[in-house]
Each structure stands twice: as C-alpha cells, then as structure tokens.
Amino acid sequence: MSDTPITYVRDTMLPQQAPPTSEVGPVRWARENLFSSPMNAILTILSLYIVYTVISHVGPWLINGIWDADSLSECREIIAAKGDGHHSAACFGVITARWHQLVFGYYPSELYWRPVLALLVFFVGIAPVLFPSLPRKLFIVSMVAPFLCFWLLWGGSIWLPISIALGFGVGVVAFKLLSVSVSSLVAIIGAILLPLIYWLYLSGPLAAGLASIVPLGIEFVPSRSFGGFMLSIVIGLSAIVISLPLGILLALGRQSDLFIIKTCAVVFIEVIRGVPLIVWLFTAQLLLNYFLPPGSNFDLTLRVIIMVTLFASAYIAEVVRGGLAALPKGQYEGGDSLGLNYWQSMQLIILPQALKISIPGIVNTFIGLFKDTTLVVFIGLFDPLGIASAIRATTEWNGIYWELFLFIGIMFFISCFSMGRYSLYLEKKLQREHR
C-alpha cells in the first residue's frame, strides 16, 4: 500500500460558517413573506405606499391634537395661534371635557363609584367561569354578582333583587319535587313556568312588603340616566351572560325527541332569527308592555335587555346545534353504554365537546351582539353614539365629529379585541388539555 495521502479524503473539519444573509433574520422573512413573487412584491410596495399616505395625513392630525380646550371655537383659536390650518390638528378637548358623559351618560357624578364597583363585582363573579384554575369558592360570588350588580346600578330597595333571586330558588325546588313525583318533562316545564309566574305576580308585592317592614336601600337611579359606554356594557354583558345558557337549552330542545319541546324551540329560533334586531327593539319599546300583567311597568332598559337576550339566544342555539351535529353518533352511544341518563350524558360527554367546537362561533356572536347595542339609539336610549349626537348639539361642540367617533371606536375595539383574545386563549388551552 502506498504511503501517499489520499487528497480527496478530508482529514480536518472545516470551521462552521455563518448562513447567508438572505437566509436568516428580517431579510429572509421579507423575502419569503413580502417579495416571494413579482405579484407579491408589487402588492407589498402598493400597500406600503397606502400605509405611508394614511399615516402622513392622519399622524400629524393625531400628534398635534389639542387637549385643553373648552369648546370647538377655542380649539380652533389655539390651532390658528400655532399658524396651522384648522384641519391639521384634532380637537381632543371634547374628550377631556365630556369623557364622563361618553362613559357614564347622565348617571349622577357623585355616584360613579357604583357602576365602577358593579363592573368589578361582575369581573370577580365571572372569573371562576372563565379561568377554572381559580378557587371554587368564588362561585358564591358568581351566584350573587348579577343581583348585586343590578342593585348597585339601579339602587332602590335591596329587597327587590333578593325577591328576584328567590325566583330561581322556586324553579330549583319545583324541578326537584316534580321530577320525583311526576316526570322529567313536567319538571322542566314547571321549573320554567313557576318562576315566571312568581316574578310577574309575587316578587314585586313581596319586595314592597319587605321594604315597608325593613327599609334598606340606596339612592334610586332611573334608567333614563344611563347612557354612554356604560349602557352598552350593561345591555351587552347582561345579554351575553343570559343568552349562553338559554341558547344551549334551545339547541338541546331543537334536537329533542319530544314533539312539543322541539316545535316550540324551532318556532322560537326561526321567528327570532327571521326578523332584524332593530324591529325587536321597537317591539321592546312599544309592544312588550302589552304582554305583561295589567299595572306592571317594565323599565325600557330592562325590556331592551330581555329582547336583546332572546335575540342572541336564538343565534347561540344555532351555533351550539352545529357543534352538537359535528359530534359522531358514537359519543351519544358511549354515554348510553355507560348507563348515564340524558342530562348526565350531556353534561359529562356531549356538551363539553360540542361547546369546544362552537367556541369561535359563540364568541363571534357575542362580539356582534356587543357592537349591535348601538342600535338602541333608534329607540331613544343614549348609547355612545346618542351621547355623541347630544354633545355635537351643544353650542360648545357643534361641528365636531371625528374625535368623538375615534374615542367610541377605540372603546369598542378594546372590548371586542379582549373577547377575541380570550377566545384564542381558551381554544389553545383546550387543545393542550386534550392531547
């Protein structure tokens, strides 16, 4: 064998080299995502030009905004003193001067602490539902929160929310007694009808009687004082919280084998979905009192909450029904093979999977519902858009537009974006748990 070394066999390793500049970092990302083809490169350049044009015109208007003016004329004088045209700066002084109306409407300023406290109570009550890792003891707050929030917002006698809460106790007791002595169908009907009869005929006199014996309460605030973003939150969150369980029940009713329950659920869903929300709001304003017992006078805001809740529940029912239909038949048969009854099978097997599938549709419905609360302006309620119109009608701010709409848009964006982010968090969490 020859002692001559073989030249084509490497006997030392080459030092590690850095990758080409075009294959790492921002350059690679831009090449793959912005300039991957001639058409994408043209669209990228065109998009950058549009973004630059918008920012170059809107940016100075926002940056040079005036925050310390008490009227539109004063704002324009300040801009003129700077030597700019009156379109070169936003007059955010209207936000500084009227933010409390945009947020709280005409709620008494000395009582602002009550809606703020009600919102905090709501978040504490909803927290154990949204985040299961929290202590289960917080569910006590979850059960009390709706009635406490109602009392904080409207005020008056404390016995009214207590008497309303007793109605749910009537429903639970009726369901347990009737399910043992009669049948589950009669128990469900009784658990729905008896609380309704109690609320319509007995809760009011009971609250009035208790208030005459032990007068406990805080200052009453009528609904006409509600307005601004607070009104949208009250209507939107109330409808969201109530419409979800009601929509689930409607979805189960639509798939029921019982003819009466299925027919009632189908008729309700189709009638509600077949009419625009604005028509139902006019119905709540003009006609709903005709269906109530003589002498009863439902507050307009409460009537709107009821109608918006029923409207949202019909859409939630269809979203949940889609999730139920997506489950294979084997899941239902699995519950039967384990000896579970209908409600146990739904609670432990069917509904958790169906709701997981339905999360995007449910949250999408909630976001649309929250934005649709601005429609109440057409029936005389002062939502943020109604408050903005009232502000523009004053002599101080007559002629101002974009600043108010920008503030309202930001408030709605924060709320809707938060719901969307929680939806993504919940989807990722459920995916990790089921791997």
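Thr 374 sits in the loop that runs between H14 and helix H15 (384-392); helices here are DSSP runs of H or I with at least four residues, numbered from the N terminus. This is a predicted model, in which local features need pLDDT of at least 70 and side-chain atom pairs count only at pLDDT 80 or more, while totals for chains, interfaces and linings use all residues. Residues are numbered from 1 along each chain as its sequence is written, and side-chain values use heavy atoms, with hydrogens and water left out.

With a relative accessible area of 17%, Thr 374 is buried (buried means under 20%, exposed over 50%, partly exposed in between, using a 1.4 Å probe and protein chains only). Setting aside neighbours within four places in sequence, Thr 374 is in contact with Asp 383, Leu 385 and Phe 412, where contact means heavy atoms within 4.5 Å.

## Aromatic pairs

Rings of Phe, Tyr and Trp (its six-membered ring) pair if their centres lie within 6.5 Å; planes under 30 degrees apart are stacked, over 60 edge-to-face, and the rest tilted. By this rule there are 18 aromatic pairs. One of them joins Phe 168 and Trp 199 edge-to-face, at 5.0 Å centre to centre and 65 degrees between the planes. Phe 168 belongs to helix H7 (residues 159-181) and Trp 199 to helix H8 (residues 184-213), so this pair ties together parts 31 residues apart in sequence. Phe 168 is partly exposed at 46% relative accessibility, and Trp 199 is partly exposed at 28%.

Phe 229 and Phe 412 make another edge-to-face pair, with 5.3 Å centre to centre and 85 degrees between the planes. This one links distant parts of the chain: Phe 229 is in helix H9 (residues 228-254) and Phe 412 in helix H16 (residues 402-433), 183 residues apart. Phe 229 is buried, at 9% relative accessible area, and Phe 412 is buried with 9%. Elsewhere, Tyr 107, Phe 150, Trp 154 and Phe 226 form one aromatic cluster.

## Helix packing

Two packed helices are described by the angle between their axes and the distance between the axes. Axes here are lines fitted to C-alpha atoms, for helices over the stretch in contact, and angles run from 0 to 180 degrees between N-to-C directions. The axes of helix H6 (residues 139-154) and H7 come within 9 Å and cross at roughly 155 degrees. H6 and H7 are therefore roughly antiparallel (over 145 degrees; under 35 is roughly parallel, 65 to 115 roughly perpendicular, the rest oblique). On the H6 side, Phe 147, Phe 150 and Trp 151 meet Leu 160, Pro 161, Ile 164, Ala 165 and Phe 168 of H7. That contact has eight nonpolar, no polar and no charged residues; Ala, Val, Leu, Ile, Met, Phe, Trp, Tyr, Cys and Pro count as nonpolar, Asp, Glu, Lys and Arg as charged, and the others, Gly among them, as polar.

H9 and helix H14 (residues 342-372) pack at about 145 degrees, their axes 10 Å apart. Phe 229 takes part from H9, and the H14 residues include Trp 343 and Phe 366. The contact of H9 with H14 divides into 16 nonpolar, three polar and no charged residues.

## Tyr 332

Tyr 332 lies in helix H13 (residues 329-337) and is partly exposed, at 23% relative accessible area. Beyond residues up to four places away in sequence, Tyr 332 touches Gln 255, Leu 324, Leu 327, Met 346 and Ile 350.

Note on methods
Helix = DSSP H or I, 4+ residues; strand = E, 2+ residues; numbered from the N terminus.
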